[in-house]
Amino acid sequence: MLFHTWVFMVFFLITYPVYLLLRPTKLALPWLFITSYVFYGWWNPLYVLLLVYATGIDFFSVVLMDGSRYRKFWLWVSLLNNIVLLAFFKYATFLTDNLNAMLLLAGTSCQFPMPDILLPVGISFHTFQSISYVIDFYRGNIPRERSFLRVATFVSFFPQLMAGPIERAAELLPQMQRPPRIKWRQVTDGLSLFFSGLFKKLVISNFLAVYVDKIYAAPGQFESGALVMATFAYAWQIYCDFSGYTDMARGLARMMGYEFMLNFNHPYLATGLGDFWSRWHISLSTWFRDYLYVPLGGNRRGTLTTYRNMAITMLVAGLWHGASWSFVIWGGLHALGRIVTRELEQSIFYRNLVPKLAKQLMIFVFVLFTWIFFRGQSLADVWLMISRIFSTPWGNPQFPVLGLAMILGLWGYEFLSESRVRYLLELPVVRVALMTAMIVTMIFFTSSGEQPFIYFQF
Amino acid sequence: MKTVPKNEMLPPVKTTPFGSSAQRLRGKEWLATAVLALLICWGLPRLWPRIEPFTPGPDYRLPYALSSDYFMVRRWYQHAVREYPVVMIGDSVTWGEYVRADETLPACMNRLAPGGRVANLGLGGAYPAALAGLVEYYGNAVTGTKVILHLNPLWMSSPETDLSGDNEARINHPRLLPQFVPLLKPYKAKGYKVWVEEGLSAVIERNTPILQLAEHLRLAYFDSMDIQGWVLQNPAHNPASAITLKLPEATREAKSRPVPWTAGDRKKQVYAWVPLDKSFQFAAFRATVRRLQKRGNRVFVLVGPFNTHMLTEGSARRYADLQQGINAWLNANHIPCHAAAVLPADEYADASHPLAAGYQRLAQALQADPAFQTWLVDKGDLPPKLGSK
């Protein structure tokens, strides 16, 4: 169920009070577990079996790893199981498609049938979360969790099950050891996060999506103005969609006494690609840093190796987002961007003399360009878009003025948040006025059409 | 049950940074926000009728584009009950699908008897089950007045139209129907997720005036599009500028081409006719009658006229049984009624909608019915009307 639906509101209005009542008892964790599985099973009851299976393999891999001589073996059992699951559900069609293309190139007419597999929602997120538990135990960073229920709840905890943040076992499992004491401040913070996230999703993201979908559905019919504006809108759509979801997830968790990591931190104010990835989908970028980049050697083996490791990490990160070459190219572009900005940041001129605003704009334009690969419906569409951006006149993009106002409003708000005058945004009257306006606007912006969260497809 | 003492509960962990673009309100600020938001949500729907002019003229019927605008339906009901001695509730037969606004049944009745003014509360796309919901959730104003309730037998002609079939049906006014109890089979056919989500949305909306107002604005000022869709078509415009406070005009012309059904192939149809004791639509009709009576209204039922020229012999026989059953129930419950006689074949547009001449004939027949006249003049214990003429 989506956070911004009435079904979820009813679900939470039942789950939360019962949770508060059960919190001092031993039933609190089972209640969270049951409600999380009901939440996941709402999409498709069969998904629950998959979740139980995956969690079971990881839990017992750790059990068997504990004190064993074959720790690496059990680690690989768990890792391979998760990789196979991802490969099967997420990449089977992609792999088959490429295999068939290679067979055609080789001159054979033999073709594998295209598999028709339903992608379980959020599989990329909960498998990564589960993997982090296994690897952290293997590395000795956390003790073995003896309760299957606690591990299962950690993996399936409903606020972050579908689209993160990808929590680490070292951070979340200890929070589940005993019932959390919930302070009033956490409840108000949770509500603030939830409603802010809901506004970003319902009002801004859903609004921009209508324009973006229209242009990206048929890029050959539009001129460069519309294509550029659609990409510009998409940058904000995906940001508001994903950060909105994360805010809601963090808000819900905070109301229940659990702390989730910050996942977005004004990414479009980044001054370099490294900075961008320390602000965008932080839980994913740090996951890849800790479980791929660092094991590959990180930045400890010279510049070329560092860049090689960066490239591999970003290419895999691209592939994680979707089973398509355009996602791989997207990852590759970000790898290139990181390498270039890292090199630029070595120079005093760039570091000290180029204005911060110029850096921010440059990074934003670069990220904007890469979003074309992320959003394009196919590689052919991507190339078509890029060629038409540079070869057709600007024309009249017919971009909604209201959309532009929303984007500039949010951008300005974020600039102010990191500026010296951020205290203006923290005045009580401003906070109350803004939140009231957001709530009333949401009521009038709820549309009959449903826009699922973008990152659910991953 | 053993509880964990508070001092053993985990203290709040070191909090992570709050958020990037979220407003962080404290308790008192949330209280202020809640009060303000509730005030707006409570006050705006009540204030809105004072801001938005609504002056229905003679022979007014709700614009077809606003058929699903229940905020506006309620408003029209309130106005009609205040200004008219009699109101007529029904589906598109009452509304006048194939005729102009001055040719509908209420309009014809008003011309025949200038003293008795009848308001047209017909709703396009409605049917007995939808009317039951309409009266229950949006018809509170229909109190202490005279109500002609039209029953169109078409809605009992098959399990599909009766909403007692198994297949997913394309239903008008789904938000007026019972969403969960009873569980309608056409809903079940949609799958549980869609059913629950749509059902919850409908139930919440019908109990939340601000959501009804939002829907009214969407239908009346944004061409029935959501704001996103409207802005896409009007990119240079501020959506607020679309709210001109000028309601869509009443539909003066016929919605569908007024061509007699006899101009077609005149093929006889087989209608299954659902038995009355099993009919969901008839049960809804009975509930509507009772609800109206409970609210102190004097109810008169008009049944038909159904186009029996279209029926095969077997279907016509079953229809006659159905009619008898309806009359029996009405008589047993002492509800004054008029079972409309079949009109000439060329005065029908389809199975149940008369053309202009048909409405004229029907109005005359009703006027000449002693039961109707008795009901019309009998003031009984109805409160006096402010706008009675």
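Author: Buried means under 20% relative accessible area, exposed over 50%, and partly exposed in between (1.4 Å probe, protein chains only). This is a predicted model, where local features need pLDDT of at least 70, side-chain atom pairs count only at pLDDT 80 or more, and totals for chains, interfaces and linings use all residues. Residues are numbered from 1 along each chain as its sequence is written, chains are lettered from A and ligands numbered from 1 in the order in which they are written, and side-chain values use heavy atoms, without hydrogens and water.

Reader: Why is helix α4 of chain B largely enclosed by the rest of the structure?

Author: Helix α4 covers residues 105–112 of chain B. Its buried residues include Leu105(B), Cys108(B) and Met109(B). The helix is largely enclosed because the buried residues number 6 of the 8.

Reader: Where does Thr446(A) lie, and is it buried or partly exposed?

Author: Thr446(A) lies in the segment after α19 (428–445) of chain A. Its C-alpha atom is 28 Å from that of Val18(A), 428 residues apart along the chain. Its relative accessibility is 38%, so Thr446(A) counts as partly exposed.

Reader: What area do chain B and chain A bury between them?

Author: Contact means heavy atoms within 4.5 Å, and it takes 53 residues from chain B and 71 from chain A. Buried area is the accessible area (1.4 Å probe) that two parts lose on being put together, summed over both. Carbon and sulfur atoms carry 67% of it, and the total is about 5,700 Å².

Reader: How many salt bridges cross the interface of chain B and chain A?

Author: A salt bridge is a side-chain nitrogen of Lys or Arg within 4 Å of a carboxyl oxygen of Asp or Glu. Arg24(B) and Asp189(A) meet in one at 2.7 Å, N to O. Across the interface, the count of salt bridges is 2.

Conventions. Helix = DSSP H or I, 4+ residues; strand = E, 2+ residues; numbered from the N terminus.
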